[in-house]
Amino acid sequence: MNKGLLSGARALDLTDETGFICGKVLGELGIDVVKVERPGGDASRLIPPFHQDVPGVERSLYWKAFNTGKRGITLDIENPKGAEVFRELVSRVDFVIESFEPGYLQRIGLGYEALRAINPKIVIVSITPFGQKGPYSHYRSSELIAIAMSGVLNNTGDPDRPPVKESLDSGLFHAGVSGALGGVMAYYHSMIAGEGQQVDVSVQEVAASRLTSSILAWDLERVSLARDGHKSQMGPTSTDWFWACKDGHLFWHMLGGAFGAPANQALSDWMDEYLDENPLREVRDWMKFDKAGIAQEQWNRFASAIGPFFLRFTKDEIREQNLKRGTNATVANDPHDLLESEQLRGRGYWTHLDDPVLGDLKFPKYFFQSRDTENFSLTAAPQLGADNEEIYRNELGLTSEQIDELRNAHAI
Amino acid sequence: MPSEPTSQAPSAMGALAGVKVLDFGWAIVGSLTGKFLADHGAEVIRVESASRPDMTRVDRRYSKSSQSSLDDKPWFAHFNTSKHSLSLDLKNPRSRELLDRLIAWADVVNENFTPGTLQRLGLDYDYMKTINPDIIFISGSLFGQTGPLAEEWGIDGTGAAISGRLNLTGWPDRVPVTPSSGIYGDYVVPLMNATAVVAALAHREKTGLGQYMEASMFEVTAQEITPAVLDWQSNGRLAGRTGNRVSNASPHGVFPCAGDDRWCAIAVFSDQDWNDFVAAIGGPDWAADSRFATFEARKANEDELERLVAEWTSPRDPHEVMAYLQERGVRAAAVQGPADIIDNDPQLRERGFLQTVEHSVLGPFGHQMPPFRLSATPAQLRPAPNMGEHNEYICTELLGMSDPEYIELLLEDVFR
């Protein structure tokens with residue numbers, strides 16, 4: 001097998017948590033991604049949870065999760081000597097990934113135009129909460145703030161409670177993948193046409209891009225879709241998507257026509273084995289069942305039987321019966337379930353990455369599979385400044401005196 | 001401060017000008033994968049069929065959409081900008097010669113049928129490779145092309161459940177939720193698939209080699225909860241739903257504002273953030289209370305803290321809260337609804353989040369841009385095609401068929 005698709009290319013990654021995922025994706029494509037942190041380490045090294053619940057710059061499980069496959073150096077790019085080294089690095093790489101406040105790099109003389117003067121083919125991926133320009137571009141933000149502004153938060157949660165955020169940092173993750181696509185497109189263009197460019201990603205806009213259904217409802221019909229808890233408003237009737245079982249939750253959604261018929265029949269048959277009164281029997285021919293035409297009353301009758309029915313079973317039983325019967329009921333996995341998943345294990349999704357602090361933990365190995373190249377995370381996230389020696393001495397060819405000088409000037 | 005002006009003039013050609021894509025993608029994941037390539041200049045031929053139309057060609061939630069037409073659906077229009085449409089009956093044996101020529105023509109094939117479907121049609125990667133040895137092939141699926149669950153099917157909610165994301169979204173005492181609008185995997189996975197395709201194009205440029213690639217919603221989106229997977233392994237803790245609370249900030253939540261179902265979001269991480277927040281809201285007496293003096297104390301008294309913050313936000317307009325607190329260095333936002341983001345958000349408007357495209361049946365309306373901006377080769381949106389709109393162009397101009405050849409295929413009922 002060959003190394004990743006883009007092996008040979010190089011990137012400098014100056015992001016905080018707003019942009020971690022972009023560099024992680026590029027690293028798995030085989031790009032040599034070097035994380036550039038200020039001396040002492042980035043603040044994002046202190047994001048919980050921590051290994052064995054003990055805080056420390058080498059112990060953030062969040063940081064470790066999203067910086068696999070990267071090397072790491074420390075460099076103060078605000079320091080004149082540090083900036084000089086940074087310029088030298090920029091002349092040697094294909095990508096710079098950053099998530100600073102818009103205008104910051106320009107203020108310290110390292111904006112896009114300055115970097116382009118050093119390296120005309122450079123691709124700069126800038127991932128920020130609101131984008132490079134515009135009235136909110138200097139607003140302070142976080143996952144919650146950007147998602148609130150995107151419209152996604154308003155659409156999430158139970159109607160009788162405030163809107164509620166999605167798991168962990170869904171918006172930042174999505175923005176990172178978006179930055180990776182923009183970056184790789186720009187890299188391809190620079191390969192063909194010899195010119196670099198800046199990729200501008202806004203977390204707010206990336207999240208808003210998911211809202212096709214509420215955008216269309218408002219733009220075309222002036223209807224404002226409201227958050228509907230664990231239900232889904234796909235037509236006039238609100239139908240449940242998520243249910244409780246004995247030891248967790250699951251997804252089961254009734255679909256109409258040929259698409260939904262086998263699963264609807266399978267669930268109805270399964271319910272028949274336990275219930276004297278099974279309202280799903282009201283439907284004689286599931287192939288002809290029009291989901292869009294179901295009345296709320298009928299759905300409520302269905303739900304009042306389906307809900308208690310699922311509560312009879314454990315997650316394992318729901319999984320087993322789905323495979324046996326084709327009910328299409330899908331358990332809401334927890335991390336333990338993911339590590340035990342036969343599907344993921346069978347495909348080699350988990351890999352052991354040896355980390356000097358964490359020891360031997362399992363990490364996801366890839367975003368996608370290929371038959372002919374290995375696009376994998378192969379190393380644990382870097383220790384603070386782990387590759388200073390290798391990069392400054394062996395790659396840039398600095399002497400011990402020069403390195404000491406940088407160290408004395410607090411540049412590295 | 002505005003960012004620096006760039007001396008670089010944008011190019012009329014997209015970043016992917018000259019790239020040829022044979023697009024069997026459908027529903028959302030497949031359609032968006034092709035769209036991201038098409039909007040950046042690739043020539044994308046969407047292969048579809050009126051006898052088994054895409055679900056977004058028959059969706060009738062909007063008043064402009066009829067039962068009798070396949071060409072008046074806004075969803076399809078959003079997901080298929082800048083593509084050509086070839087309507088083709090894959091089960092008609094005469095369709096094969098046309099497909100073979102298109103496989104030879106293409107640089108890239110995109111598909112997301114249920115695993116095994118193309119193989120049954122005799123159109124899988126191994127076959128295509130015999131015609132076009134350096135073809136780049138991407139498959140999208142829910143679970144992956146291999147493994148015990150490969151042929152299980154599902155939708156975005158299935159993806160939320162299997163990935164572990166669902167279990168972490170919502171309130172601790174309630175059934176978990178996903179956004180009512182704003183599904184996730186269906187939008188993230190196509191970005192990943194298109195990334196793989198463009199990386200493979202660059203790889204081919206260097207090595208001359210094609211590539212077979214496949215991504216699953218399960219595996220792409222499970223990456224998002226890796227910190228929780230490590231937390232389980234390292235600390236034996238199975239993270240649960242926490243509403244809007246996070247362990248390194250307080251207050252961190254959504255608070256009521258004036259108006260019907262109006263809210264704002266406020267996030268206070270460090271002690272400095274806390275001091276800024278307290279100063280911004282006028283240093284009320286309660287903020288000096290020992291119950292809130294340290295981060296640990298604020299965490300321990302979070303219910304009460306949130307109640308007091310809500311008292312401050314309740315009479316205020318969400319956008320006023322945002323502007324007022326942001327001016328004072330506090331992370332704050334209005335929780336925006338559809339009207340806010342489409343009609344009134346100056347930031348999204350400045351970015352050109354929606355671009356007006358003139359659709360041949362639906363008329364002009366706002367279409368979604370790909371969610372990133374390239375400074376030198378910006379995306380350009382052309383209207384989505386009607387069913388089979390480009391049959392003749394593809395056969396005669398692209399593939400160079402003679403008129404009699406094309407008419408013969410027409411008479412054989414290949415285009416349906």
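Author: Let's begin with the word "domain": the bounds of a domain come from an automatic or database domain assignment. This is a predicted model, and its chain A is divided into domain 1 (10-209 + 347-408) and domain 2 (228-333). The centres of domain 1 of chain A and domain 2 of chain A, taken over C-alpha atoms, are 42 Å apart.

Reader: What makes Asp53(A) and Arg237(B) a salt bridge?

Author: The cut-off is a side-chain nitrogen of Lys or Arg within 4 Å of a carboxyl oxygen of Asp or Glu. For Asp53(A) and Arg237(B), the closest N and O atoms are 2.5 Å apart, so the pair qualifies under the 4 Å limit.

Reader: And how do you know what that pair joins?

Author: Look at where each partner sits. Asp53(A) is in the loop between strand E2 (32-37) and helix H2 (61-66) of chain A, while Arg237(B) is in the loop between helix H9 (226-235) and strand E7 (252-256) of chain B, so the pair joins two chains.

Reader: Why are Asp53(A) and Arg237(B) called partly exposed?

Author: Buried means under 20% relative accessible area and exposed means over 50%, with partly exposed in between. Asp53(A) has 41% and Arg237(B) has 33%, so both land in the middle class.

Reader: What about Glu327(B) and Arg328(B), why do they count as a salt bridge?

Author: Their closest N and O atoms are 3.6 Å apart, and the limit is 4 Å, so they count. Glu327(B) is exposed, because its 65% relative accessible area is over 50%. Arg328(B), at 36%, is partly exposed.

Reader: Which other salt bridges could I look at?

Author: One of them is formed by the side chains of Arg345(A) and Glu340(A), at 3.0 Å from N to O. Arg345(A) is partly exposed at 45%, and Glu340(A) is partly exposed at 42%. There is also a network of salt bridges linking Glu37(A), Arg45(A), Glu58(A), Lys64(A) and Asp355(A). A search of the whole structure gives 69 salt bridges over all chains.

Reader: How many disulfides are there over all chains?

Author: The search of the whole structure finds 0.

Reader: Is Cys264(B) buried or exposed?

Author: Cys264(B) has a relative accessible area of 0%, and anything under 20% is called buried. Over in chain A, Cys245(A) is buried too, with 4%.

Reader: What makes you say that both faces of strand E4 of chain A are covered?

Author: Check the residues on each side of E4(A), residues 95-98. Phe95(A) and Ile97(A) are on one side, Val96(A) and Glu98(A) are on the other, and all are buried.

Reader: How do you know which strands E4(A) pairs with?

Author: Two strands pair if DSSP finds at least two bridges between them. E4(A) has 3 bridges with strand E1 (residues 10-13) of chain A, in the parallel sense, and 4 with strand E5 (residues 123-128) of chain A, also parallel. Ala11(A) stands opposite Phe95(A). On the E5(A) side, Val123(A) is the bridge partner of Phe95(A), and Ser126(A) is that of Glu98(A).

Reader: What is the order of the strands in the open sheet, and why do some stand at the edges?

Author: The 7 strands run E3(A)-E2(A)-E1(A)-E4(A)-E5(A)-E6(A)-E12(B), with mixed pairing. Strand E3 (70-74) of chain A and strand E12 (373-374) of chain B each have a single partner strand, so one side of each is left without a neighbour in the sheet. Helix H15 (residues 388-395) of chain A packs on the sheet, touching E1, E2 and E3 of chain A.

Reader: Last one: why does Arg140(A) count as partly exposed?

Author: Its relative accessibility is 30%, which falls between 20% and 50%, so that's the label. Arg140(A) lies in the loop between E5 and helix H6 (143-150) of chain A. Among the residues Arg140(A) touches are Ile145(A), Asp273(B) and Arg331(B).

Technical notes. Residues numbered from 1 in each chain as written. Chains lettered and ligands numbered in written order. Predicted model: local features only at pLDDT ≥ 70, side-chain atom pairs only at ≥ 80, totals over all residues. Heavy atoms only, no water. Disulfide = S-S within 2.5 Å. Buried < 20%, exposed > 50% of the residue type's maximum accessible area, 1.4 Å probe, protein only. Contact = heavy atoms within 4.5 Å. Axes fitted to C-alpha atoms, helices over the stretch in contact; angles between N-to-C directions. Lists of a residue's contacts leave out its neighbours within four places in sequence.
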